[in-house]
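Please consult the sequence and model shown below.

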Amino acid sequence: MQTVRKRNRDEAARIVHQDEHKHGGDRLLGRSLQVIFLVTAVVVTAAASAFLYHYVHGLGGNDSSDQSSDTRTRRSRVLQSPIPSSNADSYIAEQLFAADELLAQNRSGDAVREFQNLVKQFPRSIRAQYGLAISSDNITEGSRDNKSLWHSVHEYEKVRKLADSTTPARLLIQSMLRLSNLYTLAGQLRKGMEVLNGLLARYPDDTMVMKEFSHQCIKAEDFEKAKIVLEGLLEVRPDDGFALCHLGYIWETKLEYEKAVPLLYGGVRGDDNRCRVANIYLALGDSLQKLRRRHEAYEIYREATERGVFLSTWQRSRYNVPNLKAQPWWDPSETPYEDIVHMLEANWKTIRNEGLSIMNNNKDSFQTENLHLRETGDWKQFILFARGNENREACSQVPETCKIIRKIPDAAGCKRGWIKYSLLLPGTHVWPHSGPTNCRLRMHLGLVVPDNVRIRVGNETRTWEEGKVVIIDDSIEHEVWQEAKTMRLIFIVDVWHPDLSDYQKKTLDPF
């Protein structure tokens, strides 16, 4: 992989790259819908003739020239490279033109039939097979049907099998990036990475491929591979916004905040919209907070809010439903959950005793909480339910507690919530942060609460009380201090936000 940064290309390859960079934005397919005309002279018989190739480039995203495949809205996908890949393509240029026109008119069903006929007549035509894959893909996106998705995967796989040394780079890059994306949508992240690995091996210096490869590596949390590729990209393009912000994001995950901040700033201040997303703004703002540059951090949060990335400067959750009431602290009477609060408070000693029993008999059952959120001390959790799914092994250790929870559908079935014991040891400080979604409220039941422990949500700081429930909206910034000499133990129960409809509760995906 290190050779990515050192490989020299011959003059012809450099000219091709320069031309594509000039017209294609580093080969990325995120331009506005455009039509490309090219006159291609082809000798068909003894009497030579010339004809026009008309290709529609329809993978437009927003105004960024580097829009990733997983954020593109549905548009017609038609081959952008106008170069025939085989003699067969030369002889069927007019038929390809006609089928492309159907795609340009969003007549994907008709286009499928035309390309199917061409593939039957010319099974070695990669151009016809690619058109068939695009047409099927458009129908798949319209139907959102899993069976159709896999049909599109198989059509793109046929493109991959037909590829050889004469296949135009743009055709193969565009089709394989989409194939990788489809595998990811189908939950086959490893297969998607295999496709990108092959693509990077074939085009190690192509900036589009490098970006998509590193982006998928980051999603898979393979940060070292992503880091190598991004550093190689920055050697060639030191001002590339995508590379800057994503390399900065990687340094933030490694807790290297001094290295992360200038890179993240470089990306956010650039012209690549893939740097103006929640994860990047959070990485920059949170890094600044941890460097004690709080004023700068809130300037970044405000900027992101003005761009519509966050709901507010305080409410920086990523998985949101619009127009839900947002307030830091909730009284039980403001919710439909008063009965649940009474049930938890009535059984608090049972819940506490089972939690203490786990700590005494199996301390390793408590797992370390997110290291990025903790400045000092130790913060642990014991999870009973996660995103609406019961952890049966954990519940076998606290059977009475889980029996209580099963009686609370809005908690046990909350696909965007957790139910767990939360342990804070002395000397712990949890950095200011926001939870991932505004679709839930979080109940804290005090179990073991010493003096000198407190939690700030928004602008208000409170503490816990043994046997009592407090309700917070954890999508709003909160911060915790544990300055006691003994542990603090609470029981966390997430419930659906009361403004959500039954339909939304049923159909919302886990994040």
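Where does Asn 273 lie? Asn 273 lies in the loop that runs between helix H12 (257-268) and helix H13 (278-290). The model is predicted, so local features need pLDDT of at least 70 and side-chain atom pairs count only at pLDDT 80 or more, while totals for chains, interfaces and linings use all residues. Residues are numbered from 1 along each chain as its sequence is written, and side-chain values use heavy atoms, with hydrogens and water left out.

**Asn 273**
- Asn 273 is buried, at a relative accessible area of 18% (buried means under 20%, with a 1.4 Å probe and protein chains only).
- Its side chain forms a polar contact with the side chain of Arg 276 at 2.6 Å (a pair of N or O atoms within 3.5 Å, one able to donate a hydrogen and the other to accept it).

**Helices H3 and H4**
- The axes of H3 (residues 93-104) and H4 (residues 108-121) come within 8 Å and cross at roughly 160°; the axes are lines fitted to C-alpha atoms over the stretch in contact, and angles run from 0 to 180 degrees between N-to-C directions.
- H3 and H4 are therefore roughly antiparallel to each other (angles over 145 degrees).
- The residues in contact (heavy atoms within 4.5 Å) include Leu 96, Ala 99 and Leu 103 of H3, and Ala 111, Phe 115 and Leu 118 of H4.

**Ile 218**
- Ile 218, in helix H9 (residues 207-219), is buried, with a relative accessible area of 10%.
- Leaving aside neighbours within four places in sequence, Ile 218 contacts Phe 223, Ala 226, Leu 230, His 246, Tyr 249 and Ile 250.
- The C-alpha atoms of Ile 218 and Ile 250 are separated by 7.8 Å, with the two residues 32 residues apart along the chain.

How values were computed: Helix = DSSP H or I, 4+ residues; strand = E, 2+ residues; numbered from the N terminus. Parallel < 35°, antiparallel > 145°, perpendicular 65-115°, else oblique. Buried < 20%, exposed > 50% of the residue type's maximum accessible area, 1.4 Å probe, protein only.
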